Amino acid sequence: MKLFKNSLNGLLAGVALLGASLQANAIPFSVDITVDNSYALYYGTQTTATNFVGADGTWPTVEHYTFDLPTNNYIYVVTKSDLSVAQGFLAQFTNLLTNERFYSNDPQWQVTATGRYNSAPYDASLASFLELNTQLGVANAGNNPSHGWVATTAGAANGAAPWGTLAGIDSAAHWSWYDSTHTGVDPTNYGYNHDEYLIFRINVGASSVPEPSSIILLALGLIGLGFARARKLKA
């Protein structure tokens with residue numbers, strides 16, 4: 001009976017924790033990411049980036065972040081290249097509630113080309129948010145070199161030359177970039193050298209979070225089974 005009580009307490013604690021996440025209308029995510037040559041990670045609404053997560057300018061390293069993404073918000077990845085040799089965006093994103101994972105080559109990603117380079121937003125400063133949100137408005141209106149948001153172009157998988165294997169990211173992840181020719185084919189797998197900086201975005205909908213009613217029914221079912229087992233053991 002003591003074992004059952006401990007299990008029940010643990011279950012209730014877990015349900016309470018998950019319920020708190022649902023009540024906050026946020027999805028806890030972990031991110032493992034790198035970009036050749038550099039990136040900044042934000043999230044926000046369709047029109048406005050509201051939060052800065054992190055940035056890095058050393059592509060051979062993989063950075064790890066965790067953050068709570070409000071449901072129906074977008075993840076934004078600002079990227080810059082060196083306009084030479086190779087460039088790409090490589091990452092994996094894990095929903096910590098469901099353990100579902102998607103990658104930088106997921107077809108739901110979109111990208112926009114700003115035609116700007118040195119002014120890229122790379123921190124939590126007011127100037128960076130002003131630059132980024134101005135360019136989101138331009139992209140949403142279709143008034144930039146890519147004429148708005150377009151599909152990304154996926155290149156080689158993690159492990160391919162010239163980058164090699166970057167630890168901490170699955171082999172299912174592919175380097176992705178923007179193709180101004182809109183052919184969707186990168187014959188070199190090296191990316192393209194134009195219209196930087198780029199902004200990638202993906203919308204993570206409320207469907208990624210289990211329905212509260214489903215969680216409650218599951219919890220009640222498990223509790224009922226626990227009581228039934230406890231009565232059987234007592235008999």
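1. The sheet is open and holds 6 strands in the order 3-2-5-12-8-9, with antiparallel pairing; strands here are DSSP runs of E of at least two residues, numbered from the N terminus, and two of them pair if DSSP finds at least two bridges between them. Its edges are strand 3 (49-56) and strand 9 (150-151), each of which pairs on one side only.

2. The model is predicted, so that local features need pLDDT of at least 70 and side-chain atom pairs count only at pLDDT 80 or more, while totals for chains, interfaces and linings use all residues. Residues are numbered from 1 along each chain as its sequence is written, and side-chain values use heavy atoms, with hydrogens and water left out.

3. Strand 8 (residues 110-113) and strand 9 run antiparallel and are joined by 2 bridges; V111 has V150 of strand 9 as its bridge partner.

4. The largest nonpolar core has 28 residues, of which F67, I75, V77, F89, F93 and W109 touch the most other members. Such a core is a set of buried Ala, Val, Leu, Ile, Met, Phe, Trp, Tyr and Cys residues joined through side-chain atoms within 4.5 Å, where buried means under 20% relative accessible area (1.4 Å probe, protein chains only). Strand 1 gives the largest share of this core, 5 residues.

5. V77 touches, among residues beyond four places away in sequence, I33, Y39, A40, L41, F89, W109, L198, I199 and F200, a contact being heavy atoms within 4.5 Å. Apart from the core described above lies another, of 15 residues, including Y74, V78, L136 and A139.

Methods:
Helix = DSSP H or I, 4+ residues; strand = E, 2+ residues; numbered from the N terminus. Buried < 20%, exposed > 50% of the residue type's maximum accessible area, 1.4 Å probe, protein only.
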